[in-house]
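Visitor: Could you walk me through this model, one feature at a time?
Guide: Gladly; let us have it in view.

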Amino acid sequence: MKILISADMEGATGVTWPADVEPGTEQWQRCRAMFTSDVNAAVAGFLAGGATEVVINEAHATMRNLLLERLDERAVMLTGRHKDLSMVEGVQRGDVDGVAFLGYHAGAGAEGVLAHTYLPNSVTGVWLDGTPASEGYLNSRVVAEYGAPVVLVTGDDRACQDAASYAPEARTVAVKEYVSRYAAVCRPPARTSADIRAAAESAMALAGRRDPVRHDPLTVEVEVDAAHLVGAAALVPGVRQVAERRVRYTARDAYAMIRCFKAVMTLISNAVESNYG
């Protein structure tokens, strides 16, 4: 039984502030240890529940955040950029029996600690076939296409609520409670680790290959906070402007959907100016 952990950082224990997740800052160095603690707790739980292999895919920013030297020696980690499926790289091999979204968060435009979708700002909303779409929502469509169920989601309480929209059977662990975009009621790592470990062990009851979900064409809309960013996004073939600050594209399947989304996010990010956005 092989488990893939997609490890993001904004939803990790103790994280509430941009500097907590920005590589190179003092706070990021401190929070890396708590992030690694969350991952180790999930690894221990999955193995206790019957997993025979656990692969961690680094999914935050530079994808070089977890402390390999402190990682549970029974797991392996895919770290660094750039990867075909980004946050869920590895699921396309077709041998994954369950996926964990660890350290996830609410999507752009929603309430949640450090809520966003791919970019920390500039993107004000994302919709998939008309439904507001967080990173978890988008990635769940991708892993379903390869027959891998989402069995565990951790993050703040709003991320756990969001998980009900894309993985209603998954075990969830709220490591903190939302107060504002930059504030939360946090529990210490000793407590969150115990909860994550228990949830991961229980989540193994949900693991097991499923029939791949063959999606109809998927339509994505992205709204941004400045009109010039629409022009940047529309440079991607198939992406067109549909409103002053909104673009839309349709993909044949989830694999193409998430790759096009990644290209759109890259161009939007590169078009953002430091002073005027």
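Visitor: Where does Thr 172 lie?
Guide: Thr 172 lies in strand E8, residues 171-180. Helices (H or I, at least four residues) and strands (E, at least two) are DSSP runs, numbered from the N terminus. This is a predicted model, in which local features need pLDDT of at least 70 and side-chain atom pairs count only at pLDDT 80 or more, while totals for chains, interfaces and linings use all residues. Residues are numbered from 1 along each chain as its sequence is written, and side-chain values use heavy atoms, with hydrogens and water left out.

Visitor: Is Thr 172 buried, exposed or partly exposed?
Guide: The terms rest on relative accessible area: buried means under 20%, exposed over 50%, and partly exposed in between (1.4 Å probe, protein chains only). Thr 172 is partly exposed, at 39%.

Visitor: Which residues does Thr 172 touch?
Guide: Contact means heavy atoms within 4.5 Å. Leaving out residues up to four places away in sequence, Thr 172 touches Val 153, Cys 160 and Ala 163.

Visitor: How should I read strand pairing, and in what order do the strands of the open sheet come?
Guide: Strands of a sheet pair through backbone hydrogen bonds, either parallel or antiparallel. Two strands count as paired if DSSP finds at least two bridges between them. Here, 5 strands form an open sheet with antiparallel pairing, in the order E6-E5-E10-E12-E11. Strand E6 (131-132) and strand E11 (240-243) are at the edges with a single partner strand each, so one side of each has no neighbour in the sheet.

Visitor: How many bridges join E5 and E10?
Guide: Strand E5 (residues 123-128) and strand E10 (residues 218-224) pair over 5 bridges, in the antiparallel sense. Val 126 has Val 222 of E10 as its bridge partner. Helix H3 (residues 135-145) packs on this sheet and touches E5, E6 and E10, its direction making about 35° with that of E5. Helix H7 (residues 254-271) also packs on the sheet, touching E5, E10 and strand E12 (246-251), at about 15° to the direction of E10. Axes are lines fitted to C-alpha atoms, for helices over the stretch in contact, and angles run from 0 to 180 degrees between N-to-C directions.

Visitor: What are the pairings of E4 with E1 and E7?
Guide: Strand E1 (residues 2-7) pairs with E4 in the parallel sense over 5 bridges, and 4 bridges join E4 to the parallel strand E7 (residues 150-156). Ala 100 in E4 is the bridge partner of Ile 5, and Ala 100 also stands opposite Leu 152 in E7. In strand E4 (residues 98-104), 7 of the 7 residues are buried, so the strand is largely enclosed by the rest of the structure.

Visitor: Which side chain makes a polar contact with that of His 105?
Guide: A polar contact is a pair of N or O atoms within 3.5 Å; within protein, one must be able to donate a hydrogen and the other to accept it, and residues adjacent in sequence count only if both atoms are side-chain atoms. The side chains of His 105 and Asp 8 are joined by one of 3.0 Å. His 105 lies in the loop between E4 and E5 and is buried, with a relative accessible area of 2%.
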